[in-house]
Amino acid sequence: MTLLLTALASLTLAYAAMTALCLGLPRYWRQCVPTPVFPRRQRALRGLGWLLFAAASGPGGHTWGGPIGLVLWPGALALAGMTLVCVLAYRPRWTPKLGLG
């Protein structure tokens, strides 16, 4: 059960990171959110995305150990990225709700 929760935590953090980086770009912001985009908000979302990327490596590295956790981390990033691409393609307005809150 602990391994499942750890994998879910890593995947959730990776998806939130991908979403923050995605919404940090003006094109995807306009596609997903009807309000205007501000440069300060873009920088904050990009910074948050990179911090969440780093945090996504933590649960796997803690539970499975450093080498195995770091090998599983790109898998979580890839799965989160594919999920985000599917959400952006079919329901772009759901992106901020699913990823950041």
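A residue is taken as buried when its relative accessible area is under 20%. By this criterion, 35% of the 101 residues of the chain count as buried in the structure described here, which is a predicted model. The chain contains five helices and zero strands, and the order of its elements from the N terminus on is accordingly written α-α-α-α-α.

As regards overall dimensions, the C-alpha atoms of the chain fill a box of roughly 45 × 25 × 20 Å when this is taken along the principal axes. The radius of gyration of the chain is 14 Å, which agrees with the value near 13 Å that a compact globule of 101 residues would have. Among the contacts in the chain with a separation of 6 or more, 71% are accounted for by residues 24 or more positions apart.

Two helix pairs, both of which involve helix 4, were examined in detail. Two packed helices are described by the angle between their axes and the distance between the axes. The crossing of helix 1 and helix 4 is right-handed. On the side of helix 1, the contact is made by Ser10, Leu11, Ala14, Tyr15, Met18, Thr19 and Cys22, and on the side of helix 4 by Ala76, Leu77, Leu79, Ala80, Gly81, Thr83, Leu84, Val87 and Leu88. When divided by class, the residues of this contact of helix 1 with helix 4 comprise twelve nonpolar, four polar and no charged.

The second pair consists of helix 3 (residues 39–64) and helix 4, whose axes come within 7 Å and cross at roughly 135°, which makes helix 3 oblique to helix 4. Helix 3 passes helix 4 in a right-handed crossing. The contact is formed by Phe53, Ala56, Ser57, Gly60, Gly61 and Trp64 of helix 3 together with Gly66, Ile68, Gly69, Leu70, Leu72, Trp73 and Leu77 of helix 4. By class, eight nonpolar, five polar and no charged residues are found in the contact of helix 3 with helix 4.

At the level of individual residues, alanine 20 is located in helix 1 and counts as buried, its relative accessibility being 0%. Apart from its neighbours within four places in sequence, alanine 20 is in contact with Leu45, Arg46, Leu48, Gly49 and Leu100. The C-alpha atoms of alanine 20 and glycine 58, which lie 38 residues apart along the chain, are separated by 18 Å.

Glutamine 42 is placed in helix 3 and is buried, with a relative accessible area of 12%; when its neighbours within four places in sequence are left aside, glutamine 42 is in contact with Gly24, Leu25, Pro26 and Val37. Alanine 54 is likewise found in helix 3, but this residue is partly exposed, with a relative accessible area of 49%. Between the C-alpha atoms of alanine 54 and threonine 19, residues that are 35 positions apart along the chain, the separation is 14 Å.

How values were computed
Residues numbered from 1 in each chain as written. Predicted model: local features only at pLDDT ≥ 70, side-chain atom pairs only at ≥ 80, totals over all residues. Heavy atoms only, no water. Left-handed = near helix turned anticlockwise from the far one by under 90°. Helix = DSSP H or I, 4+ residues; strand = E, 2+ residues; numbered from the N terminus. Contact = heavy atoms within 4.5 Å. Nonpolar A, V, L, I, M, F, W, Y, C, P; charged D, E, K, R; others polar. Rg over C-alpha atoms; globule rule 2.2 N^0.38 Å. Buried < 20%, exposed > 50% of the residue type's maximum accessible area, 1.4 Å probe, protein only. Axes fitted to C-alpha atoms, helices over the stretch in contact; angles between N-to-C directions. Parallel < 35°, antiparallel > 145°, perpendicular 65-115°, else oblique.
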